[in-house]
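Here are my notes on this one, point by point. Have a look at the model first, then read on.

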Amino acid sequence: MKQTARRGIPLALAAAALFGSSTPFTKMLIAFARPQLIAGLLYLGSGVGLGSFWLLTRSKRSGNETPLARADLPWLAGAIVAGGIAAPLLLLLGISRTRASGASLLLNLEGVFTALLAWFAFRENFDRRIAFGMMAILAGAALLSWQGEFRLGGAMGPLLIAAACLAWGVDNNLTQKVSASD
């Protein structure tokens, strides 16, 4: 196993642990501020962190990356609106109406929506194994987030979280269109 692969495994596990703890932590923050404010602050923090990283590493990057072209701007703008504005707001509104544990599990829908959009909208490869995996994710999320009874008001939180995952699926597919550019 290569040294970079060995280093990537603990980083991936740490990222998964941080992602998993983010929903309960965010649920606690909602007690102190409106979901819209928290969504904005979280993404502002993300932007500051990524901007700082970009500034610190820009001299170390190779000149082989293609700069963004004018044709990339609609894809990038769509990704920003879907994944940077709509999805965080929908997620925080959904978390405010849902148990944190159920909300965390529903976030697995992002992968399902990303794959479905890639298949239907962008004609990506799709086979039975992918379909079975997506069905397992859907069944697990539904089973583990079930609160014992169906109430229309109780469905709003999970529906908002699912809409956030759909928006991130749109973001993932649009970002893929410009992923080769700097």
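1. Searching the whole structure turns up one aromatic pair. The rings of W119 and F120 sit with centres 4.4 Å apart and planes at 45°, so the pair is tilted (rings of Phe, Tyr and Trp, the latter by its six-membered ring, pair with centres within 6.5 Å; planes under 30 degrees apart are stacked, over 60 edge-to-face, the rest tilted). W119 is partly exposed, at 30% relative accessible area, while F120 is exposed, at 52% (buried is under 20%, exposed over 50%, partly exposed in between, with a 1.4 Å probe and protein chains only).

2. A word on the source: this is a predicted model, where local features need pLDDT of at least 70, side-chain atom pairs count only at pLDDT 80 or more, and totals for chains, interfaces and linings use all residues. Numbering runs from 1 along each chain as its sequence is written, and side-chain values use heavy atoms, leaving out hydrogens and water.

3. The chain has seven helices and zero strands (DSSP runs, H or I of at least four residues for helices, E of at least two for strands, numbered from the N terminus). Buried residues are 26% of its 182 residues.

4. Of its 17 residues, L91, L92, L107, I161 and W168 touch the most other members. α2 (35–57), α3 (73–95), α4 (100–106) and α7 (152–177) each supply at least two, with the largest share, six residues, coming from α7.

5. Leaving aside residues up to four places away in sequence, L91 touches L107, I161, A164 and W168 (contact is heavy atoms within 4.5 Å).

Technical notes. A nonpolar core is a set of buried Ala, Val, Leu, Ile, Met, Phe, Trp, Tyr and Cys residues joined through side-chain atoms within 4.5 Å.
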